[in-house]
Amino acid sequence: MRRKLIAGNWKMNNDLDDSLKLVEKFKSLSDKFDKDVDVLICPAFINLYPVKQSLEGYNIKIGAQNMHFEDYGAFTGEISPTMLKSIGIDYVIIGHSERRQYFNEVDETVNKKLKAAHIHGIIPIVCVGETLEQRESGIEKETVKNQIVKDFENVHASEAVKTVIAYEPIWAIGTGRTASSQQANEMASFIRNCVSEIYGTDISDKVIIQYGGSVKADNAGEILTQSDIDGALIGGASLKAEEFYKIINYAK
Ligand code: PGA
């Protein structure tokens, strides 16, 4: 039985004060969170530690939105897995389409980051997904499979099973345009098959596959009850405590 993972990706939103205020609201709602759901929030790097401290004793996990694959060195402006680990970070989002689109993230670096995260015991959430043009030309599955194959190259089965995959069609991110629950589930199930082709069904049956792209309280119920969807990666709607809490409680 796969546990649902509901993750909030705050992106480049919330300064320190806003982050701590939002966390206070989550805390006041947290005793109402469904106990069978894992809840994760991913603030900006600079707010990770204060948010982590504020959530001490609460069952809410903290993740970063990116990291470098090296442990240390001359990489100005970067944050390493060892730094994340040193402040007790549990998860890291890797290969988000905004990183791929605006910051030249490619499958080769996604693969290096995925391996580095596992070396340091941080759970990677690897994002894959097609553009609108790719979907309209009927190559969405080929595109996603290609990402999976490259992102998981030489990743050991024991690490693959602990990797979360987020299917995020780029045309649905921040656009208000959600994939239909059928489209999302069809791709999640296709992704599970890709994982099975590489690692076998023992592994693919256990891998957590999220959907991301304009998930809100009013569409979460339908998306989160699909057979192959094990949670959601949420941008905009995770910035509102009440809305995020509603989504969490749909994930039963
Ligand atoms: P959105 O973002 O929910 O605002 O569409 C999702 C994401 O980018 O992870």
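Helix 4, residues 97–102, gives the largest share of the lining of the largest pocket, with 3 residues. Helices here are DSSP runs of H or I with at least four residues, strands are runs of E with at least two, and both are numbered from the N terminus. Before I go on, please keep in mind that this is a predicted model, where local features need pLDDT of at least 70, side-chain atom pairs count only at pLDDT 80 or more, and totals for chains, interfaces and linings use all residues. Residues are numbered from 1 along each chain as its sequence is written, and side-chain values use heavy atoms, with hydrogens and water left out.

Back to that pocket. Its volume is about 420 Å³. Among its 13 lining residues, Lys 11, Met 12, Gln 65, Arg 99 and Phe 103 are closest to the centre. A pocket is an open set of points on a 1 Å grid over the protein atoms alone, with protein on both sides within 12 Å along at least five of seven lines; a cavity is a set where a 1.4 Å probe fits but cannot get out, and lining residues have an atom within 4 Å of a point. For volumes, points are joined across faces, edges and corners, and we take the space filled by probe spheres set on them.

How many cavities of 30 Å³ or more does the structure hold? There is 1, and about 50 Å³ of space lies in the largest cavity. Its lining includes His 96, Arg 100, Cys 127 and Glu 168. Helix 4 turns up again here: together with strand 5 (123–128), it gives two or more residues to this lining.

Now, the ligand. It is surrounded by 13 residues, and Lys 11, His 96, Glu 168, Gly 174 and Ser 214 are the closest; to be counted, a residue needs a heavy atom within 4 Å. Lys 11 has a side-chain N or O atom 2.7 Å from a ligand oxygen. For His 96, a polar side-chain atom is 2.7 Å from an oxygen of the ligand. Gly 236 uses a polar backbone atom, 2.9 Å from a ligand oxygen. The protein covers 95% of the 280 Å² of accessible area that the ligand has on its own, by the Shrake-Rupley method with a 1.4 Å probe.

Last, salt bridges: a side-chain nitrogen of Lys or Arg within 4 Å of a carboxyl oxygen of Asp or Glu. The count is 15. In one of them, Arg 3 pairs with Asp 38, with the closest N and O atoms 2.9 Å apart. Arg 3 sits in the segment before strand 1 (4–9) and Asp 38 in strand 2 (residues 37–42), so the pair ties together parts 35 residues apart in sequence.

Technical notes
Polar contact = N/O pair within 3.5 Å; in protein donor to acceptor, adjacent residues only side chain to side chain.
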